[in-house]
Amino acid sequence: MVRVLFVCLGNICRSPTAEGVFRKLVGEAGLARQIESDSAGVSDYHAGEPPDRRAMEAAKRRGIDLGHMRARAVVPGDLSRFDYLLAMDRPVLRHLSGMGRRFAKGSGGQVALFLDHAPHLELREVPDPYLGGDQGFEFVLDLIEEGAKGLLDAIRRERLG
Ligand code: 4NP
């Protein structure tokens, strides 16, 4: 089993969206029994809450249901439990890297910026849509769809041969 964790700040907008988009791709590829995914936030402000209503509505327009998800904070154990930890922006990447230095003793999964899996895009970070309007959520989905495809290709190459 390959385990993937998507990480943003609140775990109510970007990372649950990424989990939903990626799960759909994995299912369509017939790999649901080989690739497991989850999402978390570096903060626990929204722990226990469902995704942001705007994120759920935008995902639903693309046929993805995020309604069952509940936010949680990332914990040090995630670094060893997951093979790939994908940060939505650089502050999140720094948080995960700092956690790794303190807790994982080199045994952790691969920590990277999610959009490093979409090198054809100019952006390296998925912008936080929380304080913006609905179109921010559409843009986030567009970016995430590209990252998710690249990530699945990478996992196939690196782990599923
Ligand atoms: P996310 O968006 O990191 O994509 O889930 C945010 C959600 C909530 C907050 C910030 C970003 N907040 O400050 O409460």
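Colleague: Buried means under 20% relative accessible area, exposed over 50%, and partly exposed in between, with a 1.4 Å probe and protein chains only. Which of these is Arg 81?

Modeller: Arg 81 is partly exposed, as its relative accessible area is 42%. Before we go on, this is a predicted model, so local features need pLDDT of at least 70 and side-chain atom pairs count only at pLDDT 80 or more, while totals for chains, interfaces and linings use all residues. Residues are numbered from 1 along each chain as its sequence is written, and side-chain values use heavy atoms, with hydrogens and water left out.

Colleague: Thanks! Where is Arg 81 found, and what does Arg 81 touch?

Modeller: Arg 81 is in helix H3, residues 78-81; helices (H or I, at least four residues) and strands (E, at least two) are DSSP runs, numbered from the N terminus. Not counting residues up to four places away in sequence, Arg 81 touches Arg 3, Asp 38 and Arg 72, where contact means heavy atoms within 4.5 Å.

Colleague: New topic: how many aromatic pairs are there?

Modeller: There are 2. Rings of Phe, Tyr and Trp (its six-membered ring) pair if their centres lie within 6.5 Å; planes under 30 degrees apart are stacked, over 60 edge-to-face, and the rest tilted. Phe 6 and Phe 22 pair edge-to-face, 5.4 Å centre to centre with 65° between the planes. Phe 6 sits in strand E1 (residues 2-8) and Phe 22 in helix H1 (residues 14-28), so this pair ties together parts 16 residues apart in sequence.

Colleague: And what about Phe 6 with Phe 114?

Modeller: Their ring centres are 5.6 Å apart and the planes are at 90°, so that pair is edge-to-face. Phe 114 is in the loop between strand E4 (110-113) and helix H5 (134-160), so the pair with Phe 6 in E1 ties together parts 108 residues apart in sequence. Phe 6 and Phe 114 are both buried, and ring pairs link Phe 6, Phe 22 and Phe 114 into a cluster.

Colleague: Nice. How many residues does the largest nonpolar core have?

Modeller: The largest has 36 residues, and those with the most contacts inside it include Phe 6, Phe 22 and Ile 35. A nonpolar core is a set of buried Ala, Val, Leu, Ile, Met, Phe, Trp, Tyr and Cys residues joined through side-chain atoms within 4.5 Å.

Colleague: Which element gives the most to this core?

Modeller: H5 does, with 9 residues. A second, separate core has 12 residues, among them Val 74 and Leu 96.
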